[in-house]
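Visitor: I'd like to learn how to read a model like this one. Can you walk me through it?

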Amino acid sequence: MTDDILLIPGPIVISKNVQAALGTPSVSHTSAEFASTFSSALKNVRKVFKAGDSGQPVVLAGSGTLGWDIAASNLVQPGDKVLVLSTGFFSDSFAECLKVYGADVDKITAPLGDAVPLDAIRDALSKVSYNMITITHVDTSTAVLTELEPICKAVKELSPETLIVVDGVCSIGCEVFEFEKWGIDYALTASQKALGVPPGLSVSMLSDRAVKVAQERPFESSFFASLKRWLPIMVNYEQGKPAYFATPAVQLVNALDVSLREILDQGIDARVAKHKQTSDWIKAKLTKELGLKLVSVNDKVSAHGLTAAYTENPPKVISGVKQHGIVIAGGIHKQIKDKYIRIGHMGVSACDDSRQDMEKCFEAIKESL
Ligand SMILES: Cc1ncc(COP(=O)(O)O)c(C=O)c1O
């Protein structure tokens, strides 16, 4: 293993306590001890998502992608109309996933580096009766942040039956996020981003309405991702009662519990504010001091958990930065893949000033350009 500082947009550097939680001895997944840990983690997922007491959190062994499969195989049926708002590679992949399960997808693609204009969304919602809309809160390929609240309001006004589904993989835990207040029906994330846990868990939240849709779906389109099977298990675990459909990732759930406690101790609003401060700092240094141009076209659509910036020779910058013991990422948006770098600043790297991760990263980039 390496001592490099991992500043890609997930997986991220984890805290010492989270690391320790991964190394605990084996316990049975049906023990009272584990059920109590899982209960605490599920209750704290509600708090981090700001989801209130209704609906149901779901934590499964899997990656962020599993959240897409859950949405596509439980909340819509083949032939149902879905409106996908695309701000990059990950929004497009979500659309692909929906199509695999037979959804009839309409996509509105934003200009590169920008969010989809609200007028275009309102127009689409007025013309077609959609079963679901999907919004990628932060598309990690472009570092574009989509403002959720006005879109949720537009859906409630123009098409209240439409389920609102949010990919919060690169946002939940580092951006302002209000599951209950904004009336979101399903939000998904993954453990390895701003939740500060290694990869391996799909973490998501359903509204009461989404629970009902999943329970009343006339047939199952998947087995492992079937909410008909998982919902009773999650309800039981949240109440501290062991239950079984498939074996949970015991040590990762333990690590998630520790990380969520740390996040809530910090305070979710304080954490989001700190991510914004770190993001503003690195973006200002890169643009003003080094003259780099960001992929996101303005502040309003710039994510706070990562930065995507054009550079003349990304492989040279990435390998130069690596010489300083820091790992950053290259581009993945197909139009500009070889033209930009991505720097992750989530979790301890964004919040623990004593680590100086971002200062070190900036100096390394400066020297590598
Ligand atoms: C916005 C977004 N959605 C979905 C995913 C897929 O998550 P995973 O790679 O954990 O399957 C990613 C991965 O980076 C992502 O950034």
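Predicted model: local features only at pLDDT ≥ 70, side-chain atom pairs only at ≥ 80, totals over all residues.

Visitor: In what order do the strands of the open sheet run?

Guide: Strands (E, at least two residues) are DSSP runs numbered from the N terminus, and two of them pair if DSSP finds at least two bridges between them. Here 7 strands make an open sheet, ordered β2-β10-β9-β8-β5-β3-β4, with mixed pairing. β2 (56-61) and β4 (104-109) sit at the edges with a single partner strand each, so one side of each lacks a neighbour in the sheet. Inside that order, β8 (163-167) and β9 (186-190) run parallel, joined by 3 bridges; V166 has A187 in β9 as its bridge partner.

Visitor: How many residues of β15 are buried?

Guide: Buried means under 20% relative accessible area, exposed over 50%, and partly exposed in between (1.4 Å probe, protein chains only). For β15 (340-344) it's 5 of the 5, so the strand is largely enclosed by the rest of the structure. Y340, R342 and G344 point one way, I341 and I343 the other. β12 (306-310) runs antiparallel to β15 over 5 bridges, and β14 (329-330) pairs with β15 in the antiparallel sense over 2 bridges. R342 has A308 opposite and also A329 opposite.

Visitor: How many disulfides are there?

Guide: A disulfide is a covalent bond between the sulfur atoms of two cysteines. The rule used is a pair of cysteine sulfur atoms within 2.5 Å, and the count comes to 0. For C170, the closest cysteine sulfur, in C174, is 5.9 Å away, too far for a bond. C152 has its closest cysteine sulfur in C174 as well, at 17 Å. C152 is buried at 2% relative accessibility, and C170 is buried at 1%.

Visitor: Which residues lie closest to the centre of the largest pocket?

Guide: A pocket is an open set of points on a 1 Å grid over the protein atoms alone, where a 1.4 Å probe fits, with protein on both sides within 12 Å along at least five of seven lines; lining residues have an atom within 4 Å of a point. Of its 19 lining residues, T2, D4, V13, I14 and Q19 are closest to the centre.

Conventions. Residues numbered from 1 in each chain as written. Heavy atoms only, no water. Helix = DSSP H or I, 4+ residues; strand = E, 2+ residues; numbered from the N terminus.
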